[in-house]
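I opened this model to look up its fold and one of its helices. My entries follow.

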Amino acid sequence: MEANLMTKELIQFDMAAESKEEVIAQMSDMMNADGRLLNRDGYEKDVLAREAQDSTAVGFLAATPHAKSAHVSVPSLTFARLRHPIKWDKESDEEVSLVFQVAVPADGKGERHLEILAGLFRKLIYDEFRDALMLAETKEKVLELIGEL
């Protein structure tokens, strides 16, 4: 994992939320509190704009809201395990319990956000990975499971 793509401060268990907007707001707060955003509200707007284009619910009870944004100072990955599954989109019945929110600077060279997402997708297809995340009791365990992306 590159220097601090994810830290314990960017992991939350038992997040209480009733909508994807609440999840995205809380995860944006986590990134902002960890000094990863230049403008918290601007970043959140960029994530919601990306959501409006196409759902980031990816199956397997998981969603990957993300944005390449001018309001991000360093590439970051936040993880939340929700207290109870929520319906991610009004148009779909797909439920989500595991959320990985990705933030990368807009001026960054290349497609770092796509590399992070591809790394997550390669892991999410395995029941063992998702089950381990659902059962993880420590933030260190989550960091170990996610590993290099």
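Among contacts between residues at least 6 apart in sequence, what percentage joins residues at least 24 apart? I got 69% for the chain, with contact taken as heavy atoms within 4.5 Å.

I note that this is a predicted model, where local features need pLDDT of at least 70, side-chain atom pairs count only at pLDDT 80 or more, and totals for chains, interfaces and linings use all residues. Residues are numbered from 1 along each chain as its sequence is written, and side-chain values use heavy atoms, leaving out hydrogens and water.

Next I looked up the elements. I found five helices and six strands. These are DSSP runs, numbered from the N terminus (helices: H or I, at least four residues; strands: E, at least two). Their order from the N terminus is β-α-α-β-β-β-β-β-α-α-α. The radius of gyration, over C-alpha atoms, is 14 Å, close to the 15 Å of the globule rule for 149 residues, so the chain is as compact as a globular protein of that length. That rule is 2.2 Å times the number of residues to the power 0.38.

I then checked burial (under 20% relative accessible area, 1.4 Å probe, protein chains only). Of the 149 residues, 48% are buried.

Last, I turned to α5, residues 139-146. V142, L145 and I146 are buried there. They cover an arc of only 90° around the axis, which puts them on the same side of α5. The arc uses directions from the helix axis to the C-beta atoms. Their cover includes β1 (11-15), β5 (76-87), β6 (95-105), α3 (112-124) and α4 (127-135). Just after α5, I noted G147 with a positive phi of about 55°.

How values were computed
Buried < 20%, exposed > 50% of the residue type's maximum accessible area, 1.4 Å probe, protein only.
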